[in-house]
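This report is for a reader meeting the structure for the first time. Please look over the sequence and the model before reading on.

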Amino acid sequence: MPDVIMPRFGSNSGQPTTRRDGIAKVTGTATFAADNHPDRMLHAVYAPATIARGRVTALDTEAALAHPGVVAVYTPWNRPPLAGDPDAKPFMFAFRFEALQSDEVRYANQPVAFVVAESLEAATEGARLLKPQYEAQPARVGLDGNAPFKPKGDAPFGLPRDVEHGDVAAGHAAADQALDATYETAENYHNAMESHCLVAEWKDGKLELDIPTQAVVLTRGAYAYYFGIAPGDITIRSPYLGGGFGSKAIANGPQILAIMAARELGRPVKLMFRRDQMFGPTGHRGATRQRIRIGIDGDARMTVLDHESLATTSSFDDFIEPAAHASQGLYNAGALRSAFEAVRVDTGTPGPVRAPGEASGSAALESAMDEMAEKAGIDPLDFRLRNYAETEPGTGKPYSSKALRECYAEGAKRFGWEGRPLEPRRMQDADGKLVGWGMGTALFGAPMFAAEARATLLPDGTGLIETAAADMGQGAWTALAQIGADALGLPLDRVEFRSGHSDLPDGGVAGGSGHTATAGGALHAAGGDAVAKLAGIASADPDSPLFGTGNTGVVARDGWLVAEEDDSRRERFADIIARNGGAAVVGTGKAARPPEDAARHAMYSHGAVFAEVKVDPELFQVRVTRMVGAFAAGRIINPRLAESQLMGGMIWGISFALHEEALFDKRTGRIVNGDFAGYHIPVNADVTGLEVLTVHEDDPYVNPIGVKGVGEIGISGSVGAIANAIWHATGTRVRRFPIRIEDLLAGA
Ligand code: MOS
């Protein structure tokens, strides 16, 4: 039997299908992890440290235990042992767990005790009654809170390596004009709508978890390690996530304590973080200070792009925001350098936050590009085009595809960029508001992880596709089903998609903007395998119109197998199966990028973002009034969802540029705005006039389905575009994010 049949893209892909889980979500019937309330379930609350550094010396466990309804109190002194070392990091995306390892306090909101009770109210009151006593030391917060160190750069994740291409010193020396500017970005917290939570239940030594996770099978492996059981003895249900943004991709935090307590107490335990508890143990984006030096020759071509980044990390683990990497891969400078330092402060450990490195790095880089263009006296878009990279800078690798030029052109046209005055403070609206226009380039890598999938053609002519993918609101459950249905040659409404469960094939990690490529690639392969098997059966069946066709000349379309050469030779899936034993036909597939493909091509999504702001000339309130983002990201499986993702990214850009900032009380090391009242994110009134264009891009190399990512790239470019528009409106350069009224007042 010929073993090759290429699955096709049918009528499902490319359609702007609405989210298939939309009705379930808006009617409240979608069950999120914390909605599960098994019989006899207990509630847990963790007691957070109110100092940022020191030791817990006393906890009034007697008072807590005496409170009606409190069942157990776990502290550093009595917590049950774990099989695995919570300080170890034995697998990807692992960070130190918060398992009450010791009495040491290393950041505010670190769990210092864990209270389990019959009700949430009793657990909350029990935790309050603990009244921890401390031996406190002065907290170290902020970029100047401690001496910088050089990251070792030897871990696969979280420890960026310095990169240098070309002769950087010569590039500086050759410059006719130079920019040397330093930018700062704030600490950002993920703040998914659904806070971290889980419901844990042990049944006969086996663990069942309802937990939102961006990586179902990876999470299962993590808990198997810590509890010393086989991964197969853990069931994880994660059908919906209320946002993840990277914080639910990694296993960390005190959730492990709920699993421990459930085992100890022989009852299900639920833990759900309060909003303020999300500011500490579940990751964040470290603050950065970035120095960017650019040199240009007489034609405004870059002789050097030199990007140094200092970032905060915790005192006990390593994740360093890889901001300076944003300068690799984008502009064609004669020499390139990205260098990293970090400073240990008394916060929780940072982690990946939507567009890790790229968001913060692009904010600085795109601001610096604008400043350099200003110095050179040329249009900022023209400056970028003069430094357009035809091959990956530094490596010389060809891009698998790169429609950035088209993004610039289409975005600029839609926005109306032409005729923009070079000088700032030249535009005003009818109300006297200062008007400014700015732009930035967007870049994000197009990674793939490893994933597996199963696709089944059922005897009734319908299909079943299965992979443990994660839909955190981005629409994976819809876009992936479109890919799977096409691969099976069936309309979407005749395909069932099972996802978000650890019994299914590993759908990989929903992160790095690679989930559609990864899980979608596996589904595509699995569907193709099922169709090939069915075609093999038909070809060998003398009663089939497809007898003898071999399976390479056959396509699956709308529930039929059809001979490509002669489409009068066709037969329904169900009829082929019925005549050949009646058993379902099961296909399997895998996706992962072969290392040789990654070695041959540089793979990125690209985009261009244009922003208009209006600024009150006296109060310096800033409004983003218009943004156009044009993006090229390979094949767009679902334009509605892709545009929604890209727009979401641009809103993150508004947030990064103007709103988000965790503020620390330097005396205590505590975050003073750890809630949605004080930690600002954009609301509808902050978001107007956003437009997303996608630019057609065929990519034959990135993966068999030609899909790049759209999840994170929207932030990149947007922050710089807004900052540059603010300069263009006001003439004030603010090199600190978020940009605040007081910064503009100071510059006026
Ligand atoms: Mo992400 S920060 O790749 O969820």
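Does Asp-346 count as buried or exposed? At 1% relative accessibility, Asp-346 counts as buried, because the cut-off for that class is under 20% relative accessible area.

## Model and confidence

The structure is a predicted model. The mean pLDDT of the chain is 95, and 98% of its residues reach 70 or more. Over residues 1-5, pLDDT stays under 50. For this stretch the model has 15 contacts beyond four places in sequence.

The side chain of Asp-346 meets that of Arg-140 in a salt bridge, at 2.8 Å from N to O. This pair links distant parts of the chain, 206 residues apart. Arg-140 sits in the loop between β7 (133-136) and β8 (148-149), while Asp-346 sits in the loop between β18 (336-345) and α7 (358-376).

Asp-346 is buried, whereas Arg-140 is partly exposed, with a relative accessible area of 22%.

## Other salt bridges

The count of salt bridges comes to 49. Among them is the pair Arg-626 and Glu-612, whose closest N and O atoms are 3.5 Å apart. Glu-612 counts as buried, at 10% relative accessibility, and Arg-626 as partly exposed, at 25%.

Another pair is Arg-426 and Glu-423, with the closest N and O atoms 3.8 Å apart. Here Arg-426 is exposed, with a relative accessible area of 55%, and Glu-423 is partly exposed, with 43%. Salt bridges also form a network, which links Lys-203, Glu-208, Asp-210 and Arg-237.

Strand β1 covers residues 42-48. Six of its seven residues are buried, so β1 is largely enclosed by the rest of the structure.

Which way do β1 and strand β15 run relative to each other, parallel or antiparallel? β1 and β15 (residues 269-272) run parallel and are joined by three bridges. Across this pairing, Ala-44 stands opposite Leu-271 in β15. With strand β6 (residues 111-117), β1 runs antiparallel, and six bridges join the two. Pro-48 has Pro-111 in β6 as its bridge partner. As a general point, side chains in a regular strand alternate between the two faces of the sheet.

Helix α5 spans residues 216-227 and contains Thr-219. Thr-219 counts as buried, because its relative accessibility is 7%. Leaving aside residues up to four places away in sequence, Thr-219 touches Thr-213 and Ile-236.

Which residues make the nonpolar surface patch of about 310 Å²? Met-193, Phe-676 and Ile-681 make this patch.

Ile-681 lies in the loop between β31 (670-671) and β32 (690-694). Ile-681 counts as partly exposed, at 35% relative accessibility.

Key: Residues are numbered from 1 along each chain as its sequence is written. This is a predicted model: local features need pLDDT of at least 70, side-chain atom pairs count only at pLDDT 80 or more; totals for chains, interfaces and linings use all residues. Side-chain values use heavy atoms; hydrogens and water are left out. Patches are made of residues with over 30% relative accessible area and no salt bridge: like charges are joined within 9 Å, nonpolar side chains (Val, Leu, Ile, Met, Phe, Trp, Tyr) within 5 Å. Accessible areas come from the Shrake-Rupley method with a 1.4 Å probe; for residues, only the protein chains shown count as cover. A salt bridge is a side-chain nitrogen of Lys or Arg within 4 Å of a carboxyl oxygen of Asp or Glu. Helices (H or I, at least four residues) and strands (E, at least two) are DSSP runs, numbered from the N terminus. Buried means under 20% relative accessible area, exposed over 50%, partly exposed in between (1.4 Å probe, protein chains only). Two strands pair if DSSP finds at least two bridges between them. pLDDT is the predictor's confidence in each residue, from 0 to 100. Contact means heavy atoms within 4.5 Å.
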